[in-house]
Amino acid sequence: MIVKVCENYAEMSRMAAEAIAVEMEKKKNFVLGLATGSTPVGTYGNLIEMNKQGRLDFSEVKTFNLDEYCGLYPSHDQSFNYFMYIKLFNYINIKNENVHVPFGMAADYDSWCKGYEDAIAKAGGLDLQLLGMGSNGHIGFNEPSDEFSDITHTVQLTESTIKDNSRFFECADDVPKSAVTMGIGTIMRARKIVMGENGANKAKGVKAMLEGPVTPRMPASYLQNHADVSVFLDKDAASLL
């Protein structure tokens with residue numbers, strides 16, 4: 001695992017985007033796993049600029065997002081599908097048919113999740129997965145638990161995650177209580193992982209992720225077992241290391 005401490009959020013975002021770009025330039029039909037939340041927004045801004053400048057070509061790239069709230073249609077303004085279009089997809093030359101975001105309104109989630117795993121496998125597997133970490137250590141929506149889930153599945157969100165995400169809704173009661181997410185195994189099967197973290201509120205989790213035991217009570221700690229992980233931190237997120 002490579003850990004780089006950056007001066008600030010802007011530098012962290014540039015370095016994360018550069019790590020992604022270097023890998024994308026190796027393969028035209030790249031398979032890219034994506035994340036939502038406030039942290040990757042700066043990274044996406046840098047990728048958009050690289051696309052505009054002609055450095056990155058998304059025309060043959062396939063993307064798979066980590067997760068989505070259950071109960072929200074893709075057009076809902078708080079859905080992760082909506083987020084991805086307003087923060088990235090609307091500004092790059094990616095084909096809509098190559099975009100994959102978990103569907104939060106599935107009639108049969110077990111069947112849908114199996115299909116998502118099959119689609120990732122058919123694409124050749126994830127070449128790179130971009131990650132952020134929740135304040136409780138979750139990656140995707142894999143919450144702290146007694147055991148980890150290997151494949152894409154549904155999960156009940158913890159109170160801390162609902163509280164963290166309530167800033168995007170009118171109130172905490174409006175935050176969906178469940179989600180569909182890639183499993184820890186799905187994430188770990190990506191050939192490369194890039195993570196960005198910023199802010200003092202992430203410092204405790206970053207320390208546990210990097211220096212603590214590997215445990216499903218700290219889902220991000222499983223990244224210690226991955227062969228190719230690059231973690232980019234601002235100084236605040238790295239303050240307890």
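**Rings and cores in a predicted model**

Q: Why is W112 called partly exposed in this predicted model?
A: The relative accessibility of W112 is 22%. Buried would need under 20% and exposed over 50%, so W112 counts as partly exposed.

Q: And what makes Y116 buried?
A: Here the relative accessible area is 4%. The cut-off for buried is under 20%, so Y116 is buried.

Q: Why is the pair of W112 and Y116 called stacked?
A: Their ring centres are 4.8 Å apart, with the planes at 20 degrees. Pairing asks for centres within 6.5 Å, and stacked for planes under 30 degrees apart, so this pair is stacked. Both residues sit in helix 4 (residues 109-122), four residues apart, or about one turn of the helix.

Q: What makes the pair of Y69 and F141 tilted?
A: The centres of these rings lie 5.7 Å apart and the planes meet at 40 degrees. Stacked means under 30 degrees and edge-to-face over 60, so the pair of Y69 and F141 is tilted. Both residues are buried, and together with F80 and F169 they form one aromatic cluster.

Q: How do you know that Y69 and F141 tie together parts that are apart in sequence?
A: Y69 belongs to strand 4 (residues 67-69), while F141 is in the loop between strand 6 (128-131) and strand 7 (153-156), so the pair links parts 72 residues apart in sequence.

Q: Which residues have the most contacts inside the largest nonpolar core?
A: They are L32, F58 and F89, in a core of 31 residues. Helix 1 supplies its largest share, seven residues.

Notes. Residues numbered from 1 in each chain as written. Predicted model: local features only at pLDDT ≥ 70, side-chain atom pairs only at ≥ 80, totals over all residues. Heavy atoms only, no water. Phe/Tyr/Trp six-rings, centres within 6.5 Å; stacked < 30°, edge-to-face > 60°. Helix = DSSP H or I, 4+ residues; strand = E, 2+ residues; numbered from the N terminus. Buried < 20%, exposed > 50% of the residue type's maximum accessible area, 1.4 Å probe, protein only. Core = buried A, V, L, I, M, F, W, Y, C linked by side-chain atoms within 4.5 Å.
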